[in-house]
Amino acid sequence: MAAHPKGSVRLAAARIRRLVTVIVGMMAVLVLVVPPLGYLVVNYRYIAEEAGTHASTSAELLSRLIYGHGAAWRFETDRLEEILSRTYTHGDAIYQEVTGLNGRTIIRTGAPPAWPSITGQAAITESAWRVGTLEVVIGLRPTLVRTGLVALLSLLAALATLLAGRTLPLRMVEQAFQRLEESQAQLRLSQDALEQTHDSIIITDHLGHIQYSNARAPGARATLSGVEGETHLDAWLRSAEDIGFPDVQAVAGRGEIWTRRYRRCTEDGATFEAEGTCFPIRGGHGEIANFIFVEKDITQQLQLEARLRDSQRLESLGTLAGGIAHDFNNILQPILGYLELLMRDAPVGTDQRARLIKVQQAASRARDLVARIQMFSRRTEPARSPTHLAEIASEVAGLLQATLPANILLETHIVGEVPPINADPGQMHQLILNLLVNASQAMPDGGTLGVSLQTVQLHGKVCLHGPELSGDYVLLSVTDSGVGMDEATLSRIFEPFFSTKLHATGTGLGLATVYGIVMNHEGGMDVTSTVGVGTRFDIYLPALAADAVVEAPHEATVLAPGGRILVVDDESVIAELLKTFLEQMGYEAESHADPLEALSCFEASPQSYNLLITDKSMQGLSGEELISAVRRINENLPVILCSGYVDADGVDPDGELRIDEILTKPISFSTLAGTVARVIERKV
Amino acid sequence: MKRRIAGHLVCAFVMWAFLGVQPVHASAVLRVGGSGAALGLSRALAQGFAAQGLGQLNVMPRSLGSSGGIRAVLAGALDVAVSSRPLTASEQREGARATLIGRSPIVFVTSRADTTRRISRDVAVKMFGLQQLQWPDGKPVYVVLRPLHEPMLAVLSERLAGMREALQRSWAAPGRPHAYTAQDNLEMAAKLPDSLAAASLTQLVTERSHLVRLRLDTVAPTLENLRTGAYPLAMSFYLVTTSHPSPQAESFVEFVQSAKGRSIMADAGVVPHTE
């Protein structure tokens, strides 16, 4: 499918122009010459015939008239004249003369026409004897004048032919060539597009013989069948997998689209996942004339699909873990609360207090575990502040250095000045620690553990986990030279409680926590690992602009007793615990497990309450609905919302409920005291 | 065919013998010719002249026409010409002399065998002018036309209103056959179906034509109606000689004007001049 160069098209156009000019010139000459010449010849022959015929017929008539007259026929001049005047109807100038045998003129009609003229003669007979001659002379001048007129018209027609034939066809030719050039340009564009595409495109005839292949399918152009210059789609297919052209033809030959995925080896030995598609092209009569075979490299597509599946799986796990954590928080809340009350009552140094301390330690571990699960499930809202990751990395590395075996070399590398990020410092601490611990555990026989930080500028980077990233990012890289992981392991490392024998020493939440923290901070993450070589984690976190650094608010911790507080939680144990906390703090509290009952009490005496503390998720009436109902009665009543979930974005997004504080369960005595005091103080 | 060739040879011999080369001689046979309309009349008069022992007449077998006959007399080729028109001034100057001998009705005739027996003047004019192309029963009419110079047509043009224009129109119409002699006229009228032609009564009588003679309006073309003036159409016949005719020629003219001659003319459909 070779494209014509533009120059050759113009050359062909010029050649056609010359040819058209010659043809039109010849046509003009023919138009100029043939009509007048033909008219003259035809008329000359007609007049010559007319002269002879007229002479013969008139002489015959005269002979019939004078039959029996003998020599007296010459006296019938009147009748002779009448006969001659009626027998000629040509219209041109005619001269007729009847002469006797002695040459004497008997009659004549008309005047002898001027030169040129045509003469016809016939004998006049009487009783089989020739008695005279009729001579008919027809002038040619009228014919010549008419011929001249025809010639003039022919000249005009020739000029018109020349003009029209020289312009219209040439214009059409030029337009045709212009269209040809445009279509060739389009063809070149299409070819370029075909050549530039990342897909291998092969066009064959209906028997599979390759007629075109783009640059992505160089092998198709090779001599595959052993015959020089002949290639076949069958060979191209069999070079990848055990597929033959008959398999393709069986489907595409029916007018359907053949599609199959397979693995192809490139000429340099690499492999990639391919998807071949073949569809038929029909000819003008509906028969299948060609096949178009497109082979697409879908390796990246498959990877993305795998990543998507992983993300969806982790998201599901997060949702599940978050729900479990919420319920655990509700269980832990009374345990920890009442423990705290018991601890306040237990004398210091007694066995009872020592046992309570152990119970509290166990419950605290449970709370931490739930907190880590919430961190994975992104149910823990990070307390963001401008955070210098380099400082935290150095601090964690310093702490870990002392605990690492001697055969593990820890290398820290910070490239340039790393900008701060808007992150929860505690969660960042947790993130780096988990990654370093995970890396160290992957090197039972020792090795090198690397931590590096640098600033990178990304443009639509797609990570293995996380959204597409663009802008300035801080790249935290943790590498180890440990045992590495295979693909199956690699695809599950962020699942909570996923462990291998190698990881049996851990809790199984380390990397899950890392995943939750990175996702919670709108970051991205890539993990690459090779069995026997090592693993590399690349964490991308958005860098904070210098002018966005703000000081963290100072938390009030003032305990301010006094006032009546309405406590609502459908878990009656929690409602009672909070009431007890508040009463210990010196407040007057009223608890309800039924939110509707609580609302009725509030409606009955709204002015008697100074604060509302309500759970978020309750049976019968949600926390938001209760607050909304209360707001219709008292717009300024301080409100604290408690929940096992903490997702500030999801609560009162429009601010209509004007919630003063949100507390995450489990709520400690001191946290509750500080929050209540702060809210009441703010309202006062 | 053989009879026709023999006839041609006889005629040629007679014409050569009497007209071709022999000069006019006092004792020679009197030569008569001219108008075709009076050809039969001429023969009847020649027979009467011969029967009286006044001399021998040779009447030309075919029509020379009035003009042709007069020119032949002036050229000495004929002794007496029978003309159906008077002499022109130039002919008189050349020495021709004419004697009116009688009139014969001009009759409209047809070959139709039905009951058609009359024709009005208007219809005659329209048919000769090709303005009415059908008979009243719807059949096409075939009009036999004559050259415009014919003396009979001059009479019709003079006597019938609109006939002159009608004849000029039909003469100019292409493709119409014309009868150049009186004999052709009757022959064509007899051969064509549903024909219409005009002819002299003397020709119809002397040539024994079976064509139907039509009344003009209600008047029959008879000698009696012509004498009384009831029938308006008639053509005159003249005997033309030179100013110095031969005694035989003068004798013939006198015979024609005699009682015998008038009687012959009356029998031949001519009203003699003296009447």
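The points below take up the contact between the chains, a pair of helices and a sheet with its neighbouring helices.

1. Please keep in mind throughout that this is a predicted model.

2. Where the two chains meet, 24 residues of chain B are in contact with 18 residues of chain A. On the chain B side, helix H1 (2–20) and helix H3 (65–74) each supply at least two residues, and H1(B) gives the most, with 7 residues. By class, this side of chain B is made up of 14 nonpolar, 8 polar and 2 charged residues.

3. In chain A, the axes of helix H8 (residues 389–401) and helix H9 (residues 425–441) come within 9 Å and cross at roughly 45 degrees, which means that H8(A) is oblique to H9(A). The crossing is right-handed, and the residues making the contact include Leu389(A), Ile392(A) and Val396(A) from H8(A), together with His429(A), Ile432(A) and Leu436(A) from H9(A). The contact has 10 nonpolar residues and 1 polar residue, with no charged residues.

4. Chain A also holds an open sheet of 5 strands with parallel pairing, in the order S18-S17-S19-S20-S21, whose edge strands are S18 (588–592) and S21 (661–664). Neighbouring strands are turned against each other by 20 degrees on average, direction ignored.

5. Strand S17 (residues 564–568) of chain A is joined to S18(A) by 5 bridges, and Arg564(A) has Glu588(A) in S18(A) as its bridge partner. Helix H12 (residues 572–584) of chain A packs on the sheet, where it touches S17, S18 and S19, and its direction makes about 180 degrees with that of S18(A). Helix H13 (residues 595–604) of chain A lies across S17 and S18, running at about 155 degrees to S17(A).

Conventions: Residues numbered from 1 in each chain as written. Chains lettered and ligands numbered in written order. Predicted model: local features only at pLDDT ≥ 70, side-chain atom pairs only at ≥ 80, totals over all residues. Contact = placed C-beta atoms within 7 Å. Helix = DSSP H or I, 4+ residues; strand = E, 2+ residues; numbered from the N terminus. Nonpolar A, V, L, I, M, F, W, Y, C, P; charged D, E, K, R; others polar. Axes fitted to C-alpha atoms, helices over the stretch in contact; angles between N-to-C directions. Parallel < 35°, antiparallel > 145°, perpendicular 65-115°, else oblique. Left-handed = near helix turned anticlockwise from the far one by under 90°. Pairing = 2+ DSSP bridges.
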